[in-house]
Amino acid sequence: MQELAVEMRDICKAWPGVIANDHVNLAVRKGEIHALMGENGAGKSTLMNILYGLIRPDSGEILVNNEAVHIGSPRDAIRRRIGMVHQHFMLIPPLTVAENIVLGHEPGGLAAGYNVRRARDVVKKLSEQYGLPIDPDARIEKLSVGLQQRVEILKALYRSADILIMDEPTGVLTPQETHELFGVLRGLVEQGKTIIFITHKLREVLELSDRITVLRRGRNVGELITRETNQAEIARLMVGREVLLRVEKQPATPGPDVLTVENLHARSDRGLEALRGVSFTLKAGEILGVAGVEGNGQSELVEVLTGTRKATAGRITMSTGDKENKRDRDITSLNAQQVRKVGVAHVPEDRRGSGLVLADSIEENMMLGREGWPRFSRSGWVLRWRSIAAWARRLMQEFDVRAPNTKTPVRALSGGNQQKVIIAREFSSDPRVLIASQPTRGVDIGAIEFIHRRIIEQRDAGKAVLVVSAELDEIRALSDRIAVMYEGRIVDIVSPDVSDEELGILMTGCRLEEAS
Amino acid sequence: GGGNTSSSNNTNTGASKVSVALVTDKGGLNDQSFNHLAFQGYTKAMNEFGFTKQVIESKNESDYIKNLTTAAQGADLVFAVGFLMQQAVYEVATQFPDKKFAIIDGCAVPAGKSECATLPNVAPLYFSEQEAGCLVGAIAAQMELDGKSKIPELRGKNTIGVVAGESIPPVNRYIAGYKYCAKQVNEKINVLVTYTQDFQATAKCKDAALSMINQHQADIIFQDAGGCGVGALDAAEQEGVFSIGVDADQSQVNKSVITSAVKRVDTSVYATVKDFVNGKFSNNPPLFDLAHDGVGYAPVSDKVPADAKAKADELAKKIKDGSLKVPSEIPA
Amino acid sequence: MDVLLRVLTSGDLWQATLQFGALLLLPALGGVISERSGVVNIAMEGMMLTGAYAAVMMTLATQNVLIGVISAMIAGGLMALIHAVASINFKANQIVSGIAINIGALGLTNYLLIVQTAGQGVPGLPASLRLPSVGGLPLVLQQNVIFYIAILVLIGMHFLLFRTNIGLRIRAVGENPEAADTAGIHVRAIRYSCVIAGGMLSGLAGSFLSLGIAGVFNANMTAGAGFIALAAMIFGKYTPVGTAIACLIFGLGQALSVRLQDTGMSPNLLNMLPYILTIVALVGLVGRTTPPAASGVPYEPGSE
Amino acid sequence: MAVPTAPSRTKGSSGPDESPSALLLILQKLRNSLGRPLIAVVLAIVLGGIMIIVTSKGTLDERFTAALTAYDALFFGAFGTLQNFSSTLDNMIPLILCGLSVSIAFRAGLFNIGAEGQLAMGAMTAGILGLTCSSWPGWLLIPVMILGGVLAGAIWGGLVGFLKAWRGAHEVVTTIMLNWIAFFFTDFLISGPFKAPQLSNQTQSMPVQVRLPRLAVFYNQTLGTFLPPIERPEQYFVDVSFLIAILVLVFYWFITARTTFGYQTKVVGQNPRAAEYAGISVKRNMVLAMALAGGFAGLAGALALMGRFPYQLIASVFRSDSTGFDAIGVSLLGHSTSIGVFLASLLFGALRSGGQIMQLRAGVPGDLSYIIQALILFSVATEFLPILARKFTRRNPFQRKLAVAGPAARPVTKEPPQAAEEKSARSKEE
Ligand SMILES: Nc1ncnc2c1ncn2[C@@H]1O[C@H](COP(=O)(O)OP(=O)(O)OP(=O)(O)O)[C@@H](O)[C@H]1O
Ligand SMILES: Nc1ncnc2c1ncn2[C@@H]1O[C@H](COP(=O)(O)OP(=O)(O)OP(=O)(O)O)[C@@H](O)[C@H]1O
Ligand SMILES: [Mg+2]
Ligand SMILES: [Mg+2]
């Protein structure tokens, strides 16, 4: 029998109306990478937050290194050498990397002045020790997500964590960053650390972990040994039914050009040139996937296309959709409302930040951006609540949004269901162009399957679809053509049959013929 | 209360039957000015005639008519404090002809008019603030004439000042008398006037006074700004010069006070209650002036030379015998 | 023009500017530290007023001015404690709580003033029971001792917030309490200390007003100063130094409005000066101000 | 400084255990929205009573009686007679209008401390119109004055929105400053160019034809010709502008709950980035919402001038008037909804009129009503009830929750909700 680093026994935690953990048991061996899996809301984060002292369980017992412990706050956890990288980074954007890392355990102690030099030295030493290079003086808000992730890991290591909890660390990472992260984690395990790893991505689990615990609706439904299992089995355990891991789709039958983008330029929020001459055309009845390492202008491209960012140069034209009148319409300088009116639907990448008003009800969110449309208001002015509610009810059914009723605040929905609200709203507006940014980020496999099917349905209904995603798997599964972006330009547009390596090369900005 | 009114403290006379109410203006009981003084007179009468306390502090202008009405419903004599209640008093007094009213610093004015209306049940209690202002102005001016050599604390620039609150009639009457008589006594005297537009912000009045003292070498500051003006007294003390209090004898408030322009609101309230109790309520009470001892100046401190006090007394005599008329408008 | 020039070059104007500035600076700094820890405080007015009241009453009762000042700070601190309990433990809407403190403080001081003095008001304080001024310096610097304390507080707070580990933690808590919590910081302890410290500074300002400047307590003697301090804090972008500059601008306007009456301009119009000056400076120089990210957001650790 | 966002329409309805019955829903809503404030009021009154007991004199028995007498008087003063009740209603008028002013700004995510200044500008403008056009007939001058007041308030408020949209100037600073500017500016006009001869610090009274009649008088002239008339109608102080305030409440409800504009301002207030995504102009809505806020307050000013004795402008009135601040309490207490604002105004109005009677009859300083007001605000703000309730049920929450989320509730929580990620976003919203 191997020694256990962490044992959680009979953990129960109820939230108002929901039981997040229902007599959960978890055993993690020393020196292993233990994956924790489950659908959205299965209770993974809750369980780990209990272990880290952020949440107090209603009942249950925790043993660390075979010793019963009471963990009442993160301070206790840190004392037990437990570190956690949260699903959402616990960083303070205006502070520097060094400040974030030493925060709470500053060299010199509480009463002392903050010593920039010592903090910097600490960080330098740590990053050398673990091979995680970072600039200690950079402000967090200026760092990419990947680097922020690195800061989080360093933070845990600085507190000399032996047990490292990682809650969905790969959710926002690019393939390259994920790959790097795995390298780092393996290195840590070699140094004797124990890692608990939460993810929704089956491939990652199989690649990285030693053992797997699966939660479903707050219960532990099984423990698997990675070597002895496969994707389908994990998925079945998680969801409780068979899951299609790959959505079936027919080859596309592209129609006429709908959207034409010529030599588009735009600046980022920080005033840098984010788009440097993007050109492509999008046809009816096809899905164009936009791949690329995040931060290469994809976000800005979508914003310009949907009217929330001004183009500094270039032209976007859209066909009128009118068979007789073939004149195209210039939509470059329309605002977001007008762009919607000409038939562009938009699933934004940041669902909580901009796609939804969390405090508002489902029905109110179902008309966001289209409140002036006849379905929702009389002459664009007086709201028609009856019709709005009926519409919302219909969409909830059609798109399988699970909530008590249309008046439920979206805040009370799970991430997957929140995403479905947006998908429902945008897909049901009968657009001619559909732009979806990171449509399945952070949602579980059940919901991914659903959303993917809907996107393909839209294509088959003759819509022109643009999908931007950091997930290569997703891009590949959906796209009929793949545009790869690098530094504000489209490097190439390729067919989805190209290999991972080839895509990887494109994403570093080289063209295939140059590389070969 | 029970039907058996054998209340313990009200057993002295049949006079316990009177009921008197006091309605303050928005300044409230703590205004360090006429509301406060009226309440003192009211309290004195209450102790003497044994009626129950009925006081309402108004919080804003729209309360006046409501509070007067409420008071009139429960009391036989109602005091309205402050000229801002003039119209409200007219309105309520006409509605309650069998109740008596007295208004301090004002008279009953029908809405939309600006002249007083004479009502049988309203006693306007007016004060000749200008006469009080005159006397303290005379003292100040004479001290300036006496000069630095006699009174070393003076700055020798023949300059005195007034720190005033808002430009309202009672305030301006004080200033008018102060300035007028100061000039009578001391032709070349320089009288500075600053309005702080506030009766509460003590710091503002202090600053205004400090500015007069330090910038213009004013050395006797007359405060005319209620609670705010206390700051002016304090400024004088801080700078080692003199100050003059207002309304009541403020020598206890601050050491720098050499005398105060006194307006006996308390006496007038008390006297009105007394008349009322004795069945002698009049809708035409005497003007509370110097002759009727309604205004005056408080005992002077030992910093005031005899000739200054004499000057004040001399003017007082002239005012009383009618040979000196003090204007109620501020002279240029 | 002559008058303006004369006024601007007089030491007296700048002395008054500094004094008004310091009076606003203390509560504004109190607001800064509270806000930096993530608790909105719009109750400086009420805390100041309570402080002013406690200062006078305790000084009179004990005949000791130091006890008066300490009582003022305790009174301000107690008001802040109420605010802290409401906003930190009970997750109250911090603006409502602040409004409640302001209304309550005005009501309470007036109520107690009438009850305690039987409507007679408090007597003025003799010089021995006053906060002394510092003499023997150039006119501009002849200020009350509290002025110098305010300067020390200003420097101290700047240093505390930006140069110490405690300050790092305070800022962290104000920006992202959850992150601070997971980093092992005691969020509530920090917030409580900051809010209470802020209240004590407001209370101190109250004693400055009543024991230092006025020598007496008047009903509503703060007359809106706490709100100007609030404005100064936002104007100063929640930094001690910025706030101090804002206080000075306002103080200058205030001092000018009294002194320019020599020009014969309407006192009413002149009194608008400090406010206009502040708006012009805000619109022209400062522009957007962003509060600490978690300011006003009650922190609820997963455990509650 | 964060501004509390307007509540969504969904407030009362939460939890899967909700019955679909409309009546039950309404009852539950009522309980949710009224129960808590009601208990808060009771608690505040108890605390206020303790305050009286502590500060009054005599034996404990006498002190206790003093407290009871005080409350008796307070209640009597607010509701005890029709006349007192009419004073309460009268007090409500500016509270409702300014409460709405604060509320509409809240919905757009702005904190309007400037209702008082906007009110002053509204009153001043209406006054100037009334004085300069005094020969016009009432049917023309009344609407002109009201419109003028609304417009002036709207400009004064819109300026705040404009400065924020244009330069990002924080509205808390600008509203505080504009308040004082308005106070001194109106004082200047009142005691200067528009001063009534022989009066000081006041203008002439408004011409007779624009004075709004008391509600009771109005009733007698209209319905009272059929129904029994009210005797001595002039002693009931509330005037017809109460009806206007009610109309404005309905207008506010309509705007916020029934129009795209109301919806858009709410989105702007709750999530400006979502507004941007949706193509809703944040700046435009900010200016509009502030202009509307100013308009409400300006209306309050015009109506106070035209409906209240002595129908004239008086210098330094606005500065010492606490309506603008009370309105913030009203708005937050009322959760920025029209019904809420109405009820909160009723409460504050009652405390105001009751407080003065309390002082008169029980000798307790009227300031106690301010203390009670503060206590009510506190106990509503702290929402201590749910927390206490949770503490109370903490003993065995697991069993209890099971019951709630039991088998019957399973379908709706089929995709069980989850949280950690949302927490920061969520708490920001609240
Ligand atoms: N205020 C609240 N009250 C009750 N439950 C809440 C509240 N806020 C959130 N929840 C619950 O939290 C869940 C949302 O959790 P979470 O943010 O983890 O969603 P998610 O599905 O995990 O999203 P993601 O797509 O990021 O994985 C919802 O299911 C909801 O039931
Ligand atoms: N703070 C909270 N308040 C109320 N309910 C919560 C809270 N946090 C979590 N929950 C509930 O607990 C359940 C489990 O949430 P948890 O975040 O642990 O899920 P998860 O497995 O991490 O999901 P995901 O994969 O989306 O991260 C959710 O359904 C949610 O409703
Ligand atoms: Mg999770
Ligand atoms: Mg999640």
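In what pairing are the bonded cysteines of chain B joined when numbered in sequence order? The pairing is 1-2, 3-4, 5-6. The model is a predicted one, in which local features need pLDDT of at least 70 and side-chain atom pairs count only at pLDDT 80 or more, while totals for chains, interfaces and linings use all residues. Residues are numbered from 1 along each chain as its sequence is written, chains are lettered from A and ligands numbered from 1 in the order in which they are written, and side-chain values use heavy atoms, with hydrogens and water left out.

A search of the whole structure finds three disulfides over all chains, a disulfide being a pair of cysteine sulfur atoms within 2.5 Å. One of them is formed by B:C107 and B:C116, with sulfur atoms 1.9 Å apart; this link is left-handed, with -80° about the S-S bond. B:C107 counts as buried at 3% relative accessibility, whereas B:C116 counts as partly exposed at 45% (buried means under 20% relative accessible area, exposed over 50%, partly exposed in between, with a 1.4 Å probe and protein chains only).

B:C134 and B:C181 form a disulfide with their sulfur atoms 1.9 Å apart. The torsion about its S-S bond is about -90°, so this disulfide is left-handed. The pair links distant parts of the chain, 47 residues apart, with B:C134 in helix α4 (residues 129-146) and B:C181 in helix α5 (residues 169-185) of chain B; helices are DSSP runs (H or I, at least four residues) and strands likewise (E, at least two), numbered from the N terminus. Both B:C134 and B:C181 are buried.

B:C205 is joined to B:C228 by a disulfide, S to S 1.9 Å, and this link is right-handed, with 110° about the S-S bond. Because B:C205 lies in helix α6 (residues 202-216) and B:C228 in helix α7 (residues 226-239) of chain B, the pair ties together parts that are 23 residues apart in sequence. B:C205 and B:C228 are buried.

Turning to the interface of chains C and D, 61 residues of chain C are in contact with 54 residues of chain D, contact meaning heavy atoms within 4.5 Å. The two chains bury about 5000 Å² between them, 75% of it on carbon and sulfur atoms; buried area is the accessible area (1.4 Å probe) that two parts lose on being put together, summed over both. Across this interface the rule finds zero salt bridges, defined as a side-chain nitrogen of Lys or Arg within 4 Å of a carboxyl oxygen of Asp or Glu. On the side of chain C that touches chain D, the largest share, 15 residues, comes from α5(C).
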